[in-house]
Amino acid sequence: MIGMLHPSPAAAARVLREVFGHVQASFAFRLWDGREVRLGAGEPACTAVIKTPGTFLRLVRDPSPRNFAEAYVETEIDLEGDLFAAMPVANAVEEIHLSPWRKLRLLLSLWRG
């Protein structure tokens, strides 16, 4: 089921706000349709450009700095902006831990729309 899931950009934006909305740094995501999801106060230090719905699902299943780094190396995401200024974002993302139940709930919310 999850392998065939293609979340809408609107649903993806909702999930990004839920997962990353508490991070105390300013950053943004740009989705595959060009939609920008800004988080934090002020101008984003960096923007993670998520190229496909599949990459989005990968990052939601494991929102760890390692998974983001692997997606970057594999050119599944691009990073725009000052990467040194983005270090507080990376540190804050490292603190995100989603329980299996929360991940399941988030993924089901994408499936339901």
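Visitor: Hi! Before we look around, what counts as a helix here, and how are helices numbered?
Guide: A helix is a DSSP run of H or I with at least four residues, and helices are numbered from the N terminus. Keep in mind that this is a predicted model.

Visitor: Got it. How many cavities of 30 Å³ or more are there?
Guide: The structure has one. The largest cavity holds about 30 Å³ of space.

Visitor: And which residues line the largest cavity?
Guide: Its lining is made up of Leu16, Phe20, Phe29, Ile50, Phe56, Leu59, Val60 and Phe68. Two elements, α1 (9-20) and α2, each give two or more residues to that lining.

Visitor: Which element gives the most?
Guide: That would be α2, which gives three residues to the lining of the largest cavity.

Visitor: Switching topic: where does threonine 55 sit?
Guide: Threonine 55 belongs to helix α2, which covers residues 53-61.

Visitor: Is threonine 55 buried or exposed, and why?
Guide: Buried, because its relative accessibility is 4%, and the cut-off for buried is under 20%.

Visitor: So what does threonine 55 touch?
Guide: Leaving aside residues up to four places away in sequence, threonine 55 touches Ile50, Glu76 and Ile77.

Visitor: Which side chain makes a polar contact with the side chain of threonine 55?
Guide: The side chain of glutamate 76 does, at 3.5 Å.

Terms used
Residues numbered from 1 in each chain as written. Predicted model: local features only at pLDDT ≥ 70, side-chain atom pairs only at ≥ 80, totals over all residues. Heavy atoms only, no water. Buried < 20%, exposed > 50% of the residue type's maximum accessible area, 1.4 Å probe, protein only. Polar contact = N/O pair within 3.5 Å; in protein donor to acceptor, adjacent residues only side chain to side chain. Contact = heavy atoms within 4.5 Å. 1 Å grid on protein atoms, 1.4 Å probe; cavity = no way out; pocket = protein on both sides within 12 Å on 5 of 7 lines; lining within 4 Å. Points joined across faces, edges and corners; volume = space filled by probe spheres on them.
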